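Visitor: Could you walk me through this structure, one question at a time? I am new to this.

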Amino acid sequence: MNNIRLIARLDIKGPNLIKGIHLEGLRVMGLPNEYALKYYLQGADELIYIDSVASLYGRNNLSDIVKAAAKDIFIPMTVGGGIRSIDDATEILRNGADKVAVNTAAVKNPQLISDIAQTFGCQCMVLSVEAKETIKGNWEVYTDNGRERSGKDVIEWVKYGVSLGAGEILLTSVDKEGTRKGFDIPLVKAVSSAVDVPIIASGGMGVPEDLLTVVNEANADAVAMADILHYNRSNVGDIRLIAKTSGLGVRNYEQV
Amino acid sequence: MSKSEVVVIDYGVGNLLSVQRGLEHCGVKVILTSDPEVILTANRVVLPGVGAFANAMDTLKNLGIVEVLTELSKLGTPLLGICLGMQLLLDESEEFGLSAGLGLIPGRVISIPNQTTSSKKQKIPHIGWNSLNSPHSKSWDNTLLKNNQSGDAAYFVHSFMAVPLDTNHNIAECLYGGHKIAAVIGHNQITGCQFHPEKSGEVGLKILRNFCAN
């Protein structure tokens, strides 16, 4: 098996790192790059920055934050929130991001997925999916940081997104996000069996052991961690060690 | 041009800022340029790259950089190709039909197999951290990997892989789905990294530091 990636997720509002529950009730944690640098030094494999209000205000203000991070952080960075054109993507990539994550604008205009994939390569185009379980037992795609329903079925949508060139899926369970109750295993399993691109499971990691479940039972390729790290309930080094001793492949990392 | 300057070829692809910041972290001044004359007189040159092989070659041709890179190899100027920039060093690539490369290191670029060696389906692109190992346990002493150890991990993101004709040009490889993939290749003063040293934490920074110091 390929190495599982341990990713720190930073949700941003204005200049601040924030954390909510079900993507709502946001609490200000502090300056994003202080957390980013801490996670880099703990051995995070990647960082994901999401501007949580960008769709609402029609802009993304992460460029400056990412540009500053690129000075002393040398791991891949994915940036999302409010990216609605090739120009927006170009701007964010020029400022040090390696991949862009797109949700709302892709739902409104799926052509954007192929445009980004063709211009920058599939590896650069992360389809961000906010999923919420319906009473029928399937999952519906939400946009605008979990605020708006789209009417789209998650499984159909990820298949379509991958056919258009999405190279990776950032799969956030709105139901589990911020609850510390573990990942939405049926959701991650359904998505990872529907498409062949890597899946980043996001939302619900309460204890390091949740990582083992989502990888072993639902075939996640990576996990995005926020609450568990921001509140110091664990750290990347300990999580890596637990993964390793439980037989999961993770990268060799020696703390400097 | 001062010894402490590195030229990064800017031909409109990829995340150049991170390459620049990685090199600056190593204490050198970075000059981003597509000017053939500036590149020709450089002490050290980095060829970055993300995107498609044929497009990149066309752009380099149109900018008059292809001949310059051949000239640099004759001059013995240290050249570091990163990701697609590494693949361009070879003779040709099978990406979207056959396209000619720079021909500075003999060999070909082919697709990563979509099955593991145990015949399971495997994900393409290959995205993630993999350990570097020396083929035949050869020493890394005289290479850019000299301060790194076998097993150190670097960040890869690619769908194609380089296969040098002469296996002596393989400095490091990694395993993906059981397949050996060239991770670092080298010939005289030319080195190519399939992974991104500027995105591989301290392991990658060591490589950049060695490149800036040699």
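Visitor: Where is the place of Gly82(A) in chain A?

Guide: This is a predicted model, in which local features need pLDDT of at least 70, side-chain atom pairs count only at pLDDT 80 or more, and totals for chains, interfaces and linings use all residues. Residues are numbered from 1 along each chain as its sequence is written, while chains are lettered from A and ligands numbered from 1 in the order in which they are written. Helices (H or I, at least four residues) and strands (E, at least two) are DSSP runs, numbered from the N terminus. Gly82(A) sits in the loop between β5 (77-80) and α4 (86-94).

Visitor: Is Gly82(A) buried or exposed?

Guide: Count the other C-beta atoms, placed from the backbone, within 10 Å of a residue's own: 20 or more means buried, 12 or fewer exposed, and in between partly exposed. Gly82(A) has 24, so Gly82(A) is buried.

Visitor: Which residues are exposed on the face of α7(A) turned away from its buried side?

Guide: Helix α7 (residues 154-163) of chain A has the buried residues Val154(A), Trp157(A), Val158(A), Gly161(A) and Val162(A). They lie on the same side of α7(A) because they cover an arc of only 130° around the axis, taken from the directions from the helix axis to the C-beta atoms. The face turned away carries Glu156(A) and Ser163(A).

Visitor: In strand β13 (residues 190-193) of chain B, which residues are buried on each side?

Guide: In a regular strand, side chains alternate between the two faces of the sheet. Both faces of β13(B) are covered: one side has Ile190(B) and Gly192(B), and the other has Thr191(B) and Cys193(B).
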